[in-house]
Amino acid sequence: MSAEAKAKLLIVEDDEGLQRQLRWAYDDYEVLVASDRNAAVDLVRAQEPPVVTLDLGLPPDPDGVSEGFATLETILSLKPDTKVVVATGHGARESALRAISSGAYDYYQKPVDIDQLGLIVRRAFQLHDIEAENRRLESQVGEGRTVLGTMITAAPEMLRVARTIERVANTDVSVMLLGASGTGKELLAKGLHESSGRRSGGFVAINCAAIPENLLEAELFGYEKGAFTGAIKTTEGKIELAHGGTLFLDEVGDIPLPLQVKLLRFLQERVIERIGGRKPIAVDTRIVCATHQDLPEMIKAGSFREDLYYRLAEIVVTIPTLAERHGDATLLAKHFLHRFARDMNPQVKGFAPSALAAINDWPWPGNVRELENRMKRAVIMADGKLIAAEDLDLTTDEADSLAVNLKAAREEADRKAIRQALARTENNISGAAKLLGISRPTLYDLLKQYGLQP
């Protein structure tokens, strides 16, 4: 290790023999030595050593601790993040506890046990590095923005999505959100609603995949009393409940064909009929929908109506995966840590380097929802102040990690090249394929594989 790369360790000790012994023992560090308070303070100002060992018995009070405590106070006032390890005489437990309460990291007793002190010093350096990394992450969180009310992001990819939604919010066009599961489609739909002139109306959400086919019509359109067994009173459907506001249809690709016809009629005429009803009811509801399915392919297969698709997809917004949102994984991890630690494990304050590395390297196939769940688990499982990779359950062997990273990097490069080619050719598939040096069918296959839309 070169001298420039060595971590700086300041030894504040007036015994020259002990100075020489400690210099020799800590050859792995760049050792700085001071014999009194003034020299120690000057070195802290000039060199900013992360770790200091401090003998409390310094001149002009070598038999007391007043000068040592004054030195400790001055060092911590200049550099509060410095880890100070104080030396006390045998049996001076009271001084040691006072030093810890004053901000010292740890203490050791004289006569010095070099191995024991070496372990304390190594841990002090490790903690200093971890805290520095957490401060860097904290500043990264500060660089993020809250967009559309509640969504936190610093990724340019996500900021572009937010700008698009803000632009269309005050229109009444139907918006389709395309993205993988867990990317935040409902959160974006709520943000669109809150940014629109309909914010005083209701935001009503329904997951079309979570409701049995025979009940979905009643959920959407409502029913009159006596329309079927169990219909003991007239009930408004979700479309009607969202009058004056926004209806969010999640997983719209799961709506069965017969019901698609009825939904299309509502979008064309803005009237509904409840099940068992005979009079049309005018409803002013804006539709925002979402899906992770390939609706154009479903249209080809005959399982989704093309005319309904174009009614729902007046504006299409593609949501990037978490792996495509550069920097957002660590940003959101910090956000979830603060949120969960407050209620579940207040002692957790940050991340160990292994956890930060794992968060950055993981491909996050479950996107933000997976990150949120893993962070909740990690906060609960953490034994100390710092979350480790094991708490996140993200540990993999080196070979697996390399394979995942190479695959993710290759897919990211493909997506970026495709997006650039489409942008340069104004979404002309033939032109984009020519730019990429591939055939049109191959480009269509890649668009389908990566969930991209021109």
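This section describes the annotated domain, the sheet, the aromatic contacts and the backbone exceptions of a predicted model.

An unreviewed UniProt entry lists residues 151-380 as "domain: Sigma-54 factor interaction". An open sheet of 5 strands is found, with parallel pairing and the order E9-E10-E13-E8-E14. Its edges are formed by strand E9 (203-207) and strand E14 (315-318), each of which pairs on one side only. On average, neighbouring strands of this sheet are turned by 20° against each other, direction ignored. The parallel pairing of E9 with strand E10 (residues 246-250) extends over 5 bridges, and asparagine 207 has aspartate 250 in E10 as its bridge partner. Helix H6 (residues 156-169) lies across strand E8 (175-178), strand E13 (286-291) and E14; relative to E14, helix H6 runs at about 160°.

The whole structure contains 6 aromatic pairs. Among them is the stacked pair of phenylalanine 336 and phenylalanine 340, with 6.0 Å centre to centre and 15° between the planes. These two residues are separated by about one helical turn because they are 4 residues apart in helix H13 (residues 328-344). Both phenylalanine 336 and phenylalanine 340 are buried. Elsewhere, Tyr26, Tyr29 and Phe125 are linked into a cluster by ring pairs.

Charged side chains also lie over aromatic rings. Lysine 262 is placed over the face of phenylalanine 221, at 4.6 Å from the ring centre. Arginine 270 is placed over the face of phenylalanine 266, at 5.1 Å from the ring centre.

The backbone of arginine 270 has a phi near 60°, a positive value in a residue other than glycine. This residue is found in the loop between helix H10 (257-269) and strand E11 (271-272), and is partly exposed, with a relative accessible area of 28%. Tryptophan 364 likewise has a positive phi, near 50°. Tryptophan 364 occupies the loop between helix H14 (353-361) and helix H15 (367-381); with a relative accessible area of 2%, tryptophan 364 is buried. Most residues other than glycine have a negative phi, and most peptide bonds are trans.

Cis peptide bonds occur from proline 59 to proline 60, with omega near 10°, and between lysine 110 and proline 111, with omega about 0°. Proline 60 lies in the loop between strand E3 (51-55) and helix H3 (66-78). Proline 111 lies in the loop between strand E5 (106-109) and helix H5 (114-143).

Note on methods. Residues numbered from 1 in each chain as written. Predicted model: local features only at pLDDT ≥ 70, side-chain atom pairs only at ≥ 80, totals over all residues. Heavy atoms only, no water. UniProt positions renumbered as here; feature names shortened; annotations may be inferred. Pairing = 2+ DSSP bridges. Axes fitted to C-alpha atoms, helices over the stretch in contact; angles between N-to-C directions. Contact = heavy atoms within 4.5 Å. Phe/Tyr/Trp six-rings, centres within 6.5 Å; stacked < 30°, edge-to-face > 60°. Buried < 20%, exposed > 50% of the residue type's maximum accessible area, 1.4 Å probe, protein only. Lys NZ or Arg CZ within 6 Å of the ring centre and 35° of its normal.
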